[in-house]
Amino acid sequence: MHFDHAGIATENATELADRYAALFGLEIAHEETFDGMRVVFLDCGNGYFELLEPTDGGTIAQYIESNGAGIHHLALATDDIDDALDTVRTHDVTLVDEEPRPGAWGHTVAFLHPADTGGILIELVEH
């Protein structure tokens, strides 16, 4: 596995993407509307910032309402998400997703519950 992206909850993905472009020279690698949110991936060279802007309520809107904007999750890429989930299960980690599901950018994803990962929502992502 390797680091894939940091998911960042924001109320305005365009504004934040522009700010990161000006500050860090990051460019948009991909953007789409997916699952009640606008998703913008900024290329950091060895990973991405995934900007998550709620468009239709949902979990990101709830997250921002409860916690404010900021880091929502960290993602690790794997070549075999089913195998990765099997490994996680052997360590008694609570899964948010018992089975992989479709994610943004056509990826397959599954989330691990923060209660068992040091308070961090971890996403496993298979490209």
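Tutor: Let us begin with a term: two strands pair if DSSP finds at least two bridges between them. Strands (E, at least two residues) and helices (H or I, at least four) are DSSP runs, numbered from the N terminus. This is a predicted model, in which local features need pLDDT of at least 70, side-chain atom pairs count only at pLDDT 80 or more, and totals for chains, interfaces and linings use all residues. Residues are numbered from 1 along each chain as its sequence is written, and side-chain values use heavy atoms, with hydrogens and water left out.

Student: Which residue is the bridge partner of Phe34 in strand 3?

Tutor: Phe34 has Met37 as its bridge partner there. Strand 2 and strand 3 are antiparallel and share 7 bridges. They form a hairpin with 2 residues between them, and Asp35 in the turn has a positive phi of about 55°.

Student: What is the order of the strands in the sheet?

Tutor: The open sheet has 8 strands in the order 2-3-4-1-5-8-7-6, with mixed pairing. Strand 2 (27-34) and strand 6 each have a single partner strand, so one side of each lacks a neighbour in the sheet.

Student: And how many bridges join strand 3 to strand 4?

Tutor: There are 7, and the two strands run antiparallel. Among the bridge partners, Val40 goes with Leu51 and Phe41 with Glu50. Their hairpin has 4 residues between the strands, where Gly45 takes a positive phi near 95°.

Student: Changing topic, where is Gly7 found?

Tutor: Gly7 lies in strand 1 (residues 2-9). Its relative accessibility is 0%, so Gly7 counts as buried. Beyond neighbours within four places in sequence, Gly7 has contacts (heavy atoms within 4.5 Å) with residues including Glu50, Leu52 and Gly70.

Student: What about the lining of the largest pocket: how many residues are nonpolar, polar and charged?

Tutor: The lining divides into 13 nonpolar, 9 polar and 4 charged residues. Here Ala, Val, Leu, Ile, Met, Phe, Trp, Tyr, Cys and Pro count as nonpolar, Asp, Glu, Lys and Arg as charged, and the others, Gly among them, as polar.

Methods: Buried means under 20% relative accessible area, exposed over 50%, partly exposed in between (1.4 Å probe, protein chains only).
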